Amino acid sequence: MKFLVCISNVPDTTTKITFTPDNKELNKAGVQFVINPWDEYALTRAIELKEQLGGTVTVLNVGEADTEPNIRKALAIGADDAIRVNAKPTDAFFVAQQIAAVAKDGGYDVILMGKESIDYNGFQVHGMVGELLGIPTVAPAMKLDMSGNSATLEREIEGGKEIVEVQTPFVVSCQEPMCEPRIPNMRGIMTARTKPLKVVEATGQGAATEVVEYALPPKKQGVKLIEAENAGELIRLLRNEAKVI
């Protein structure tokens, strides 16, 4: 069984976000990047399935050379090898094209990724990859079990859950509580240094969208306290200032 796990390089959740002077890019100065937390569920579950069924786990990242430390971390966690598409991940469609191209050439049985990245929260790439490859996509999955070439997945739907069965190959986007994400141990860190990391150039067309401007949300306004017996003033403020009634 061949597993392809797609990982994103995202700012740590504690990062204070600022933008470049033209407001078109994240200001990376002083920012620590991590593996997208949702992708860690995909990576750990792929490793668990490899341990149960046999096979290989390949990590794929679309990014520039500065993403390689986190690719090596994924190898330390337990992936067998890695591929980096040497390109800036400009938008969801561009990234999906690169994943689909690698997956098509590699003949992977299961393509896993997090349900979305925590920087853009787009929830788009998995569906695009499945469409480009002409294979099923299950999203977002909370449970994934496999027997031979058949998989049983539990996915979240509005008001409940749905259990589906699918044959390989397929795409799945992952979320909690699929597994407990692993952290690398010392042996994994040492062996990761010698595991293969292949760099390939991007293919297909460029980005389908363009960033016009990023903007921070407005700062929170001060709180006004109204005496409990002054209902009229509360109503006036809600109507004239907050404009919610």
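Visitor: In which helix is Ile189 found?

Guide: Ile189 is in helix α5, which covers residues 186-192. Helices (H or I, at least four residues) and strands (E, at least two) are DSSP runs, numbered from the N terminus. Before we go on: this is a predicted model, where local features need pLDDT of at least 70 and side-chain atom pairs count only at pLDDT 80 or more, while totals for chains, interfaces and linings use all residues. Residues are numbered from 1 along each chain as its sequence is written, and side-chain values use heavy atoms, with hydrogens and water left out.

Visitor: Is Ile189 buried, partly exposed or exposed?

Guide: Buried means under 20% relative accessible area, exposed means over 50%, and partly exposed lies in between (1.4 Å probe, protein chains only). Ile189 has 35% relative accessibility, so it counts as partly exposed.

Visitor: Which residues make the nonpolar surface patch?

Guide: Met186, Ile189 and Met190 make it, and the patch is about 300 Å². Patch residues have over 30% relative accessible area and no salt bridge; like charges are joined within 9 Å, and nonpolar side chains (Val, Leu, Ile, Met, Phe, Trp, Tyr) within 5 Å. The areas come from the Shrake-Rupley method with a 1.4 Å probe, and for residues only the protein chains shown count as cover.

Visitor: You mentioned salt bridges. What does the count come to?

Guide: The rule asks for a side-chain nitrogen of Lys or Arg within 4 Å of a carboxyl oxygen of Asp or Glu. That gives 11 salt bridges here. Take Glu25 and Lys88, whose side chains meet at 2.6 Å, N to O. Glu25 sits in the loop between β2 (9-11) and β3 (33-35), and Lys88 in the loop between β5 (81-86) and α3 (92-106), so this pair ties together parts 63 residues apart in sequence. Glu25 is partly exposed at 38%, and Lys88 is partly exposed at 39%.

Visitor: How far apart are the closest N and O atoms of Lys224 and Glu241?

Guide: They are 2.8 Å apart, and the two residues form a salt bridge. This pair also links distant parts of the chain, 17 residues apart: Lys224 is in the loop between β11 (197-201) and α6 (231-240), and Glu241 is in the segment after α6. Lys224 counts as exposed at 53%, whereas Glu241 counts as partly exposed at 46%.

Visitor: Where do Arg236 and Glu233 lie?

Guide: Here's the general idea. An α-helix has 3.6 residues a turn, so residues three or four places apart point the same way. Arg236 and Glu233 both lie in α6, 3 residues apart, about one turn of the helix. Their salt bridge has its closest N and O atoms 2.8 Å apart. Arg236 is partly exposed at 36%, and Glu233 is partly exposed at 24%. Elsewhere, salt bridges that share partners join Arg45, Glu48 and Asp145 into one network.

Visitor: Now the cysteines. How many disulfides does the count come to?

Guide: A disulfide is a covalent bond between the sulfur atoms of two cysteines. Here the test is a pair of cysteine sulfur atoms within 2.5 Å, and the count is 0. For Cys6, the nearest cysteine sulfur belongs to Cys174, 10 Å away. Cys6 is buried, with a relative accessible area of 6%. For Cys174, the nearest cysteine sulfur is that of Cys179, 7.5 Å away. Cys174 is buried too, at 0%.

Visitor: Which residues touch the most other members of the largest nonpolar core?

Guide: Think of a set of buried Ala, Val, Leu, Ile, Met, Phe, Trp, Tyr and Cys residues joined through side-chain atoms within 4.5 Å. The largest such core has 36 residues, and Leu43, Leu112, Leu144, Leu153, Phe170 and Val172 touch the most other members. Among the elements giving two or more residues are β1 (2-6), α1 (37-53), β4 (56-63) and α2 (68-77). The largest share, 7 residues, comes from α1.

Visitor: Which residues in α2 are buried?

Guide: In α2 they are Asn70, Ile71, Ala74, Leu75, Ala76 and Ile77. Just after α2, Gly78 has a positive phi of about 150°. Over in α1 you'll find Ala46, which counts as buried at 0% relative accessibility. Ala46 and Thr56 are 10 residues apart in sequence and 8.9 Å apart in space, C-alpha to C-alpha.
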